[in-house]
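Good morning. I will talk through one model today, and I will keep to what can be read from its atoms.

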Amino acid sequence: MLEVKNLHKSFGEAHVLKGISTSFEKGKTSLVIGQSGSGKTVFLKSLLGLHTPEEGEISFDGRVFSKLNQHEKRQIRKEIGMVFQGSALYDSMTVEENVMFPLKMFTEDNKVQMLQRVNSVLERVNLTHANAKYPSELSGGMKKRVAIARAIVLNPKYLFCDEPNSGLDPQTAILIDNLIREITREYDIITVINTHDMNSVMEIGDKIVFLKDGVKAWEGTKEDIFRTDNEAVVNFVYSSKLYKKVREAYLNDK
Amino acid sequence: MTNLEHIGAYFLMLKEVFKKPQKWKVFWELLSREIDDLGLKSLGIVAFIGFFVGGVVAIQTALNVDSPFIPKYLIGFATKRSMILEFAPTFISVILAGKVGSYITSSIGTMRVTEQIDALEIMGINSLNYLVLPKVVAVLFFYPILVILAMFLGILGGWVAGILTDLFFTEDYITGIQLEFNPYFVKYAIIKTLVFAFVIVTVSAYHGHKVQGGALEVGRASTKAVVWTSVVIILLNYFLTQMLLG
């Protein structure tokens with residue numbers, strides 16, 4: 001389990017995270033939602049160890065990150081896969097080289113073994129026949145697939161995704177969402193996704209954490225989100241007419 | 001950040017750069033790629049500039065030596081001395097600060113703004129060591145070769161200029177370049193080159209690695225890197241000359 005206790009983070013005068021506590025379970029896709037400026041990205045970067053919180057604890061299956069030495073921290077980082085908003089693929093490398101990169105850095109596998117692993121994860125994300133292409137030759141959806149393949153190539157225990165659907169058409173976005181959910185269940189990993197996308201909330205939100213002004217304002221499942229009367233959540237999630245109607249239909253149905 | 005804070009941050013960066021590479025095999029691969037990118041791809045411009053600067057020095061010296069009491073072989077001697085002592089190491093380094101320095105800042109800066117550096121760090125990879133150390137080793141190995149090439153081509157350029165302009169005779173020029181050869185001057189030039197090469201890579205990498213924002217900031221960082229690298233090279237040139245020749 002990934003547990004967060006009383007997390008505080010400030011940048012100068014700005015107190016961005018104000019005592020967030022929550023937990024994320026194995027085999028479930030957990031979504032962190034909230035308006036721009038609510039502290040989602042800072043929260044995710046704190047989980048990843050890119051920001052050091054002033055107060056609070058982040059524990060990876062009982063290992064409190066701030067209490068670990070450099071070697072132990074590096075060990076945890078090897079167990080983390082990350083899918084960035086812009087994919088963050090290495091421009092100078094082909095698809096195959098991008099996915100092979102973590103294997104090259106952290107395993108003693110030979111070229112044949114590495115290639116086998118690369119091809120199997122590329123197949124898993126439904127991206128075959130693109131091994132020799134460079135990131136600049138790929139579409140947005142393909143880049144996301146490569147980023148997911150790179151994130152899972154070392155069999156991570158934790159998968160973090162920062163707005164994996166941004167810039168994608170609705171159909172591709174749903175495919176990427178479903179792929180992340182399938183991988184989460186198949187590999188039995190802890191997945192935390194930062195998103196603005198309400199389709200993702202409805203589609204794959206096993207757990208949803210709603211942040212408002214650096215505070216956890218609500219948490220629950222995608223079913224709970226239909227029933228909640230938390231004003232901040234309702235205003236955020238059902239800001240469009242379409243989702244308002246979806247909610248009304250759901251409640252009438254019940 | 002104040003200038004003093006930048007200097008502090010630069011030295012803290014160096015501490016991270018000079019750590020043992022996480023994987024030697026990957027380091028050697030990167031090193032060969034950097035020798036190609038930063039060294040071999042600069043051969044053309046270094047050869048071109050070295051040749052023509054030598055030509056210009058020879059012509060200018062010839063035009064200024066109009067007294068019959070000054071021997072013509074001094075043209076070759078002055079061209080050789082100027083190329084070895086100053087034009088090859090310093091002039092070529094300033095040119096490379098523009099070409100290679102801006103390339104390093106913009107490539108590392110783009111990696112920073114497109115989160116590629118974050119991706120390295122999340123994996124537990126020391127991004128400074130991974131990205132900068134192979135560049136430093138590549139230029140320290142290759143730039144002395146480039147500067148020695150520029151010295152030879154400069155002296156050759158001077159001779160070709162003399163033939164084309166009829167300002168001096170080949171015999172005089174050859175006598176001049178053979179006169180009073182001091183191997184310490186070549187050593188001095190190579191020491192300067194090594195220091196300048198180190199400055200070009202590390203100052204440019206520092207500016208690239210700390211970029212925040214987007215494409216505009218990457219452009220600004222590249223300009224800043226070239227300006228600061230050139231300033232540091234000129235200042236160090238003064239101090240090194242004073243220390244090594246004074």
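Predicted model: local features only at pLDDT ≥ 70, side-chain atom pairs only at ≥ 80, totals over all residues.

Chain A has 10 helices and 10 strands. Of the 254 residues in chain A, 53% count as buried. Now take the contacts in chain A between residues at least 6 apart in sequence: 66% of these join residues at least 24 apart.

Next, the salt bridges. Over all chains, the structure holds 21 of them. I will go through a few.

A:Glu79 pairs with A:Arg63, with 2.7 Å between the closest N and O atoms. Which parts of chain A does this pair tie together? A:Glu79 sits in the loop between helix 2 (70-78) and strand 6 (80-83), while A:Arg63 belongs to strand 5 (residues 63-64), so the bridge links parts 16 residues apart in sequence. A:Glu79 has a relative accessible area of 13% and is buried, because buried means under 20%. A:Arg63, at 25%, counts as partly exposed.

A:Glu25 and A:Lys28 form another salt bridge, at 3.5 Å between the closest N and O atoms. Here A:Glu25 is partly exposed at 38% relative accessibility, and A:Lys28 is partly exposed at 35%.

A:Asp213 and A:Lys212 also meet in a salt bridge, at 3.8 Å from N to O. A:Asp213 is partly exposed at 49%, and so is A:Lys212 at 35%. There is also a network that involves both chains: salt bridges with shared partners join A:Lys45, B:Arg112 and B:Asp118.

That brings us to the interface. How many residues of chain B are in contact with chain A? There are 18, and they touch 26 residues of chain A. The two chains bury about 1,900 Å² between them, 61% of it on carbon and sulfur atoms. Of the area that chain B buries, B:Lys23, B:Ile122 and B:Met123 supply 36%, more than any other three residues.

The interface has 3 salt bridges. One of them is between the side chains of B:Glu29 and A:Lys104, at 2.9 Å from N to O. On the chain B side, helix 2 (24-39) and helix 5 (116-122) each supply at least two of the touching residues. Helix 5 gives the largest share, 6 residues. By type, the touching residues of chain B divide into 8 nonpolar, 4 polar and 6 charged.

Technical notes:
Residues numbered from 1 in each chain as written. Chains lettered and ligands numbered in written order. Heavy atoms only, no water. Contact = heavy atoms within 4.5 Å. Buried area = accessible area lost by both parts, 1.4 Å probe. Salt bridge = Lys/Arg side-chain N within 4 Å of Asp/Glu carboxyl O. Helix = DSSP H or I, 4+ residues; strand = E, 2+ residues; numbered from the N terminus. Nonpolar A, V, L, I, M, F, W, Y, C, P; charged D, E, K, R; others polar. Buried < 20%, exposed > 50% of the residue type's maximum accessible area, 1.4 Å probe, protein only.
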